[in-house]
Amino acid sequence: MSDKTHSSINTDIVKLVTEGIQERKGKKITHIDLSGIESAAASNFIICEGTSTMQVSAIADSVREYLLKEAGIKPYNYDGYQNSQWIVIDYGHTLVHVFLPSERMHYNLEELWSDAPMTEIPDLD
């Protein structure tokens, strides 16, 4: 796969994940571009938060349903529904993290990957 093709797939999945998050009013969406960091588990982290465990699982469901409906993309795996404080969805090159605010602060992935380019996506409201 050429860099250009990889780049456009990256852009598309980031856009689709963002739209899936916004469908359920997920907040504070951050895209971390890890493509330049060899030790990173994925090329993209997309991080957001919901205000309750119910909203966190609704956002994660929305992302999974949206990518399946819009692009036929299924996740390789997902985890965290047991307590819905932090759900991660694995799309291979892209990992989606849906947090409760307290869990997001505790794990602070943005700080962990602060050497990577970050894009904050404005909340819709």
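User: Let's start with K69. Which residue does K69 form a salt bridge with, and how far apart are the closest N and O atoms?

Analyst: In this predicted model, the thing to look for is a side-chain nitrogen of Lys or Arg within 4 Å of a carboxyl oxygen of Asp or Glu. K69 pairs with E70, with 3.6 Å between the closest N and O atoms. K69 is exposed at 64% relative accessible area, while E70 is partly exposed at 43%.

User: How many salt bridges does a search of the whole structure find?

Analyst: Five. Another one joins R64 and D61, at 3.4 Å from N to O. Those two sit three residues apart in helix α2, so about one helical turn separates them. R64 is partly exposed at 22%, and so is D61 at 29%.

User: And E49 with R104: are they buried or exposed?

Analyst: The cut-off for buried is under 20% relative accessible area. E49 comes in at 11% and R104 at 8%, so both are buried. Their closest N and O atoms are 3.3 Å apart. The bridge ties strand β2 to helix α3, across 55 residues. E110 joins E49 and R104 in a salt-bridge network.

User: Which strands stand at the edges of the sheet?

Analyst: Read the strand order: this open, mixed sheet runs β3-β4-β5-β2-β1-β6. β3 and β6 are the edges; each has a single partner strand, so one side of each lacks a neighbour in the sheet. The average twist is 15° from one strand to the next. Helix α2 packs on the sheet, touching β2, β3, β4 and β5, with its direction at about 10° to that of β4.

Note on methods
Residues are numbered from 1 along each chain as its sequence is written. This is a predicted model: local features need pLDDT of at least 70, side-chain atom pairs count only at pLDDT 80 or more; totals for chains, interfaces and linings use all residues. Side-chain values use heavy atoms; hydrogens and water are left out. Two strands pair if DSSP finds at least two bridges between them. Helices (H or I, at least four residues) and strands (E, at least two) are DSSP runs, numbered from the N terminus. Axes are lines fitted to C-alpha atoms, for helices over the stretch in contact, and angles run from 0 to 180 degrees between N-to-C directions. Contact means heavy atoms within 4.5 Å. Buried means under 20% relative accessible area, exposed over 50%, partly exposed in between (1.4 Å probe, protein chains only).
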